Amino acid sequence: MGLLRSIFKMTCPKCRKGKLFVQPFSLSKSFDMPERCPTCNQNYFPEPGFFYGAMFIGYGMTAWLFFAIGAILIFVMGMEFNKAMMIIIAVGALTFVYFFRLARSVWIHIYVKYDPQILSTSEE
Ligand SMILES: [Zn+2]
């Protein structure tokens with residue numbers, strides 16, 4: 001699996017097989033991650049506050065997305081500002097979990113390198 005695919009499928013950065021998030025999209029467990037990869041035992045929380053930086057990635061991604069949506073609604077479709085804001089807030093609420101997870105996925109992929117050997121050598 002390629003890097004981008006692993007990021008968007010939200011799999012373990014090390015083995016690219018285990019999942020980063022356990023629950024599909026249930027609201028109560030939306031932000032829960034297992035402590036370790038169920039497949040290769042990679043620690044998902046290498047240090048306290050590890051995912052602090054992921055917030056900024058999430059913020060950056062959503063800010064650009066909302067800006068783009070707002071620009072299209074207002075300038076291309078001629079929508080009123082207040083109406084456009086309501087749509088953006090609705091989109092934000094619907095995509096919040098997804099971007100939260102995606103940001104964490106991007107973040108951990110930056111720090112943890114892919115190791116194709118991990119699954120074949122873990123028997124030692
Ligand atoms: Zn793994």
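User: What arrangement do the four donor atoms around the zinc ion make?
Analyst: In this predicted model, the zinc ion is held by the SG atoms of Cys 12, Cys 15, Cys 37 and Cys 40, at 2.2 to 2.3 Å. Four donors pass as tetrahedral if all angles lie between 85 and 135 degrees. Here the angles run from 107 to 111 degrees, so the arrangement is tetrahedral.

User: How are the donor residues of the zinc ion spaced in sequence?
Analyst: The donors are Cys 12, Cys 15, Cys 37 and Cys 40. Written as a pattern, their spacing is C-x2-C-x21-C-x2-C.

User: Is Cys 40 buried or exposed?
Analyst: The cut-off for buried is under 20% relative accessible area. Cys 37 comes in at 3%. Cys 40 has 14%, so Cys 40 is buried.

User: Are H2 and H3 roughly parallel or antiparallel to each other?
Analyst: Helix H2 (residues 52-76) packs on helix H3 (residues 81-111) at about 150 degrees, with the axes 7 Å apart. Angles over 145 degrees count as roughly antiparallel. So H2 and H3 are roughly antiparallel.

User: How many nonpolar residues does the contact of H2 with H3 have?
Analyst: H2 passes H3 in a right-handed crossing. By class, that contact has one charged residue, five polar ones and, for the nonpolar class, 19.

User: Is Asn 41 buried or partly exposed?
Analyst: Asn 41 sits in the loop between H1 and H2, with a positive phi near 70 degrees despite not being a glycine. Arg 16 is in the loop between H1 and H2 too, also with a positive phi, about 60 degrees, and is buried at 11%. Asn 41 has 47% relative accessibility, so Asn 41 counts as partly exposed.

How values were computed: Residues are numbered from 1 along each chain as its sequence is written. This is a predicted model: local features need pLDDT of at least 70, side-chain atom pairs count only at pLDDT 80 or more; totals for chains, interfaces and linings use all residues. Side-chain values use heavy atoms; hydrogens and water are left out. Donors are N, O and S atoms within 2.8 Å of the metal (3.2 Å for Na, K and Ca); water is not among the atoms, so sites may look incomplete. Four donors count as tetrahedral if all angles lie between 85 and 135 degrees; four count as square planar and six as octahedral if opposite donors are over 155 degrees apart and all others between 65 and 115; anything else is irregular. Buried means under 20% relative accessible area, exposed over 50%, partly exposed in between (1.4 Å probe, protein chains only). Axes are lines fitted to C-alpha atoms, for helices over the stretch in contact, and angles run from 0 to 180 degrees between N-to-C directions. Helices (H or I, at least four residues) and strands (E, at least two) are DSSP runs, numbered from the N terminus. Angles under 35 degrees count as roughly parallel, over 145 as roughly antiparallel, 65 to 115 as roughly perpendicular and the rest as oblique. A crossing is left-handed if the near helix is turned anticlockwise from the far one by less than a right angle, and right-handed if clockwise. Ala, Val, Leu, Ile, Met, Phe, Trp, Tyr, Cys and Pro count as nonpolar, Asp, Glu, Lys and Arg as charged, and the others, Gly among them, as polar.
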